[in-house]
Structure formats: C-alpha cells, structure tokens
Amino acid sequence: MTLIRTFLKRLVSMLITLIGVAVIVFFVIRIVPGNPIAMMLPPGAGEEDIARLKALYGFDKTLPEQFLIWGKGILAGDFGTSITTRQPVMSLVLGRLPATLELSIMALVMAVALGGALALAGTRQRGGKTEAVIDVTNGISLSVPDFLWGLLFILLFGVLWPVFHISGRVSPALDLPFVTNFYLFESLLRLRFDIWLDLVSHMFMPALALAIPLAAIIAQLLKQSLKETMHLDYVTLARTKGYSETHVILREALPNAILPTLTLVGVQFTFLIGGTVIIERLFSYEGLGNMAIDAVINRDLPLIQGIVILFAVIFTSVNLLVDLTYALLNPRLRHG
Amino acid sequence: MTDFSRRGLLKLSAATITLAATGLPALAQEIKDLVIANNVNLPSWNPTVGTSAVNPTIQGIYQSVFDMFIAQDTDLSQTPGILTKWGWNADKTKVEMTVREGVTWHDGTPLTAEDVVWSLERAADPDGGNPIQFIWSTIGNFEISGNQITGDVLRFEPTIFKWMSFLTGYVLPKAYIEANGQDGFEAAPMGSGPYMVEKYERNAFIRLKAYDGYWGDAPEFKTVTIKFVTDSAARVAEVESGNAHVTLEMPSEEFDRLRAGNLMGVAQPISDIGMIFFNDIDVMKDPNVRRAAVKAVNKQAIVERLLSGYGVPIDTLQTPEYSAYDASISTPYDPEGAKELLAASGYSIDNPVRFTIQTTRGFKPKDYEVIQAIVGLWRKVGIEAEIEVYEIAKHYELRATDTLAPAAFYNWGNSIGDPTTSTGFAMFGPSPHSVWDGEDLVGMIAPLWGEADEAKRIDGWKAVDRKIADDALVLPLFQYVQPILHAPGVKVVPHASGALLPHLMTRS
C-alpha cells in the first residue's frame, strides 16, 4: 500500500510539473526576442505580407488564445506543426527520441562499466598507487567537459587513427529494413550484425564522450560507499570466515554500497539525456538534441515546445522510476 | 549466454574496429560515390514555403533536385534553363516565356508549360505560404500555346525574371503534387534537376542519384551523399579522414593548414557581404559621427589580418559581380579625417561619442572578432562603442521592428546581384529589412522599384549608392570569400552564389 501511495503521489506531482513546464516554455519562448515570422520575411515584404504570414502560422492571435489552442491540441494528442519542416511535431520528436535514448543508454552502460570497474579496482587496491592513479583519472575526467572529450576523440579516432565514424548515426549507403527507429535494438533482433556494427561505430565516440564524466562520478561515489561499507561488522565477519577480498567486495559490500550509486545513476541519466544536446550537435547525430538546437536557431516555436515537453516527460518518468526502484530495493522504505 | 563470454566480446570488439577501419574510405582512392559534408541541415523538401524557402544556405541542395525557372551560371548571370527565352513585350504589359522542350520529371513524365504556369500561380497564391508571393503576384492571367507562355503584367516589377533564378523560383511537378499532396511530395520529392532523391534522413544525410533523363549535362558523379555536419571541427575531420570528399565553411586557418597538406581547396568571392547597419537614432543622426565611423575602419587590414585574406573590402552594398557595382564610389580609410569630423561635433579621444554596436558571435566566421577590431579602430579616433552580442533571430526581429542599436553587424546575401535585393531592401525605409528612415533616400529609391528602363534603373541605383556612401548611411565592410576544401580526386567548381552544386563537380 505504501508503494502504491508513493506512486500515486509522485504521479500527481509529475502531472503538475508537466503542466508547469508547458506554461513556462510556451510563454518564455514567446517573450524572448526573435520570432519566426521575422526570420522568414523576404526582402521587400510589406505590412500585408507580415500580417498574412502571422495569420498563416497562427501568430495573429493573443498569447492566451494561442496557449488554449495549443493546450487543446495536446489533450487531443496534437502538438502542432513544425514551422520549418511543416511536419507534425509529435511525429518529429517521437521519430528522433529512439536515437537519443539509444545513445544515452549506451553512454550509461559505458559509464557504469567504466565507473564500476574503477571503483572496484580502487577499493581492491585502496591506499596504494592504483587508487591514487584512479583518483587523478577521476579528477581529470570530471574537469574536462564532455564536448572536449568529443573533440579529442574526433582527433584520435576520427582523424589520426580513423576507426570510428565521425558524424551521423548510420552509414548512408546502408539500407535499413527497420520498422522502428530503435535501430540498435532492432538490428540485434533481426540479427543484422553488419548494421549493428555500423551503428556502434557511429555511436562509440559520442557515447564515450558522454560517459566519461558520469563514469568519474560513479567511480567516486561507489568507491566511497564501498570504503565505508568495508568497515562494517558484517564485512569484517565475512573476512574472518576466510573469504577472499574480491569475494568480500563483490558479494558482501557491493549490494549495500550500490544503493546510493543507483539513485545517482537514475538522476544522472536525466542529465545525460540533457547533455546529448551538445554532443549530438558535435557528432551530427540525428537525435532529439540536434533537432532542439535547430529548432531554437530557427525559432520553430511548436517544435521547441514539443521537445521541451518530451524532455520533461523523460526527466519526471525517470525520477519516478528511480524512486520506485529505490523503494523496492530498500526494505526500510518498502515496509513504510 | 555463452555468446557473451569475455572472449566473444573481445572478438566482437575486434570485428567492430576491423569493419570500421576497412569500411572507412581512404583519401587516395578514386572517388566513386561523392560524399559532401555540408554545414547546414535541410529542414524541408518544400523549396517554396516556410523558413527553408528563404534560407540561402540550402538553395544548392534544392538546385540539385529541382530546376529553377531560369538557370544561373557560376558568375550569377542567367542562362537558359527550363525557360529558354523570357522577356516583356514592347510596352512591358505582358511577359513572354518559352519552355524548354524534351524536359522530363524524375518519373519520366514530360515537364510542360502547364507545370510552369501552375508553379507560378501557386507561388502567387496569397494563401499558399510562399514568402516571395509579393513578387510572384505581379504577373498573372497566363495563357499557354504549345511551349509558349504569355501573361499579364499586373504590376511592373523589373526584377521578376531575376527572381526566377532566386528564392522560391522553382518549377514543381503539378500532377505529382496534386496526386500525392504536399505531404507526399515532401516524403518523396520529385523534380527535374540533375539528381533524384534516393534517400533522405532528416538531420543526417541525403543520398542523391544522377537522373539519366536530365536535360542538361549529365553529372559526372552518379551517386552523391550530402551529410549534414553542422560542427566545423567535425566537418574538417570528415574530409581529413577521407570520410567525405568536399566540405565548406571552416575557419580560414584550418583551410590554409589543410590545403598545405594532402587536401586541396578553392576560395572564391561569393555574393554574401559583411556590413554594419546604422540606425538613424541617437548619435547616428549626426552625419559627422557616421562619416567618422566609416573613415576610421581599415577594411583591408581587417580582411588581411582577421580573415587571412579571404575577403574583398567593399565601399557600397554592391560587389563587383552585381549589376549596379560602381568602382568609382569609395570611402577610403582616413583616421585623421575621422578625428576632424568628430572634433567638429565636439568629440575627441578624451571625450568620445558613445553608442552600442550589436553583433552575432559565431554565426559567420570571425564576426565577433571583426567587430572587436572595428571597436578598437574607432576608439583610436574618439568613438567608444559597447559591443552587445545577440542571436541572429533577435537581429531579424529588431530589424523588422526598427529597434536595432545605433550600429549592428549583419551579413547580407544577394545571389541574383540586383541592386533592389541589396541596397534596395537594406536601405529603403519602409522595408522591414531597413532601419534607415531618411525621407531623402526614400525619395530617391521609390521611383526605381518600377523603373522600366533598365539602364536608367541601374544608373539610379548607382546614384543611390553614391549618396549612401557620401552621407555614410551604412558601413559596408567586405565581400565574403568561401573556402571549399576537397580531396585531390575531385574538382570543385565554385558558384558565386555560394551554393555547393555536386553536378558541377568532376573527377580530377
């Protein structure tokens, strides 16, 4: 019952958050300077032409009227039409979402693998040179922003030793027999390893650039948690039973030490998705972030609104999932 | 589960690297499929509606697939395209056009005079969403006889035929669009140009295939991939690594560095210019301040030192390729003269005139640095300008509402080289693109819009440019030079409009 109550409470709070985001994004992007009509005005356009274009795109109505029209549309599942592409916003953002999700998930897997390995190695070799090297590596990884890692990888793996593709999501020469936009997952399901390898070759550098700072955070937090746990009585007891250090760390300490890291990973995943905006641009990866930058440059207001709402849905959903997972894993929360 | 053993994963990793390595093209190989790393995305396949229609940077892609009413040569001059003849009757009350025979759409059906008329009428429809509707609506009531079209001049527009090689001036397939709708057309665009669209991934790439039935010279590269690589570092890396064969718009230092190595490059002046708008508000109402601001700028030094020589200093809003260019109009660098002018208005280095200058940062190469340099030059004569950085979208809005700062940097494109689309729209007060409202200039420009005598019209614009230079109503800076970097295996023919056209590229 406690879990259900928590879920319902969070669901209500999620809905309120989304309404708040919708209101803020709608009005803020209309208040800041730069409107799409001014951008598409041809040389020599007169007042009549401006009025005609405003009416065509619905900007001739008052802001509250525009908001009501947009709000009604959302309730009917219609997020409007993109000004630059003349395509429905919903299909555009949902079409790009899989690319961003796949990139984020790949980055998360890399971050957990790298961060986890560093934390375990640092705990195993605590107090020694290895731990010092890991701490320095963590410091560097945290200090350098993801887009600089991206530039470094482009130079290293794109130019000097060109083993990975620099831009895009998939090679244009490949014909994709897919029905979804989850290319990475679908290529595996269809056993099309040629396409899968091509996709990985495109995703590797952007995913790694996104993963490195997160890996450092995971490594630091997990190592700290493990260190604290290693001093607890039940761990000492395990040692006295003669278990190896590796067994003690992996089987005894890790299950308890991992809880704070799990929460962090959940929260950081949302930031990771936010971070894709710059990285997708750098690697010309055809995801939601790249589309968001184009939408902002072109002042494509309906598209900006759609993307922000979708990001908000992702953020709140992931946070909800993390809270529920935490509640499930933590007996104290589970039993109220 | 055994598939994911450590050994298995190692094998997979090795395979990934091997495939990636072997799959990447080498620079020295003969180019079979041309790959271009383009600097901008193509948001829409509709070349006549929305922001894409008036975006000059993507017109090259459109021109690879669609034909314009009238073709344009690499020097901006017009040449026969879908229309082989065009003009007015003697009293300029009618337009007369001849449609090329034997042209086919990409599906093999013939392109007819009906398609041309339908495209013109569609462009002129006030509810059609064509941003250039105000030009296209100046002709109408078309009649077709075979491949001849005649139409009424509803309002005389001397540039109507020039617009047929400019924004939204594309011939589109009537029957195909009527059968498939606008959405169907955008999903599977069809034109009559040198290339057919084989595949389009939004924000990612376009794959083009040469159209065998093209009426013009057959493109040498039968398949072309245009990748959208918006980051200049990634774009350069694409060409350096051999992943792409041609790219454009990179920092001049990078261009020089790579051109000195294994890659080749062409750099030719294009029709875009850098300029500073003066808004006739505050201190800019003082002609001494404006004239001093113009005289104090050493354009040659800016081009040489900041743009590495990739620019051509200009003193009017016309470049040498434009039809109203007048080399005799000049505003030479004269810092002492600037000081004298400022002194006459009571300003000096110790008591400088102050105003704000707005600029973009990174929208065009070295835009902010150029303005920094100009502010430095101004400071030496007694002008203290504060730099305000804004986004290009804000510039458009401020300009349309006539609320730009006293000075504002902008780059102006004019790929048909007519004075109306440079000096005219930039300086005619009632235009939403002008912030100079002086009635005397409005009085000079107004009669030129409908001037039927071409020689008189061009002379009129030259006189306008002379007045603008004499009164320092704007500060023209330089004509941009477009750097294009390419692999040794391809020969690139640059176009003065700045459009990168794959059908002009050949193997070298």
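In strand β7 of chain B, which residue is the bridge partner of Glu96(B)?

Analyst: This is a predicted model, in which local features need pLDDT of at least 70 and side-chain atom pairs count only at pLDDT 80 or more, while totals for chains, interfaces and linings use all residues. Residues are numbered from 1 along each chain as its sequence is written, and chains are lettered from A and ligands numbered from 1 in the order in which they are written.

The bridge partner of Glu96(B) in β7(B) is Thr150(B). Glu96(B) lies on the uncovered face of strand β5(B), residues 94-99, together with Lys94(B) and Thr98(B), whereas Val95(B), Met97(B) and Val99(B) make up the covered face. Covering is judged by counting C-beta atoms, placed from the backbone: a residue with 20 or more others within 10 Å of its own is buried, one with 12 or fewer is exposed, and one in between is partly exposed. Strands (E, at least two residues) and helices (H or I, at least four) are DSSP runs, numbered from the N terminus.

β5(B) has two strand partners to follow here. With β7(B), residues 148-153, β5(B) pairs in the antiparallel sense over five bridges, where pairing requires DSSP to find at least two bridges between the strands. With β4(B), residues 83-88, the pairing of β5(B) is also antiparallel and again runs over five bridges, and within it Trp88(B) has Val95(B) as its bridge partner. That Val95(B) belongs to the covered face of β5(B). β4(B) and β5(B) form a hairpin with five residues between them, and Lys92(B), which sits in the turn, has a positive phi of about 55°.

Residues count as being in contact if their C-beta atoms, placed from the backbone, lie within 7 Å.

α8(B), residues 232-240, is also one of the elements that each supply at least two residues to the side of chain B touching chain A, as do α1 (6-23) and β9 (205-210) of chain B. The contact as a whole takes 55 residues from chain B and 48 residues from chain A.

Key
Contact = placed C-beta atoms within 7 Å.
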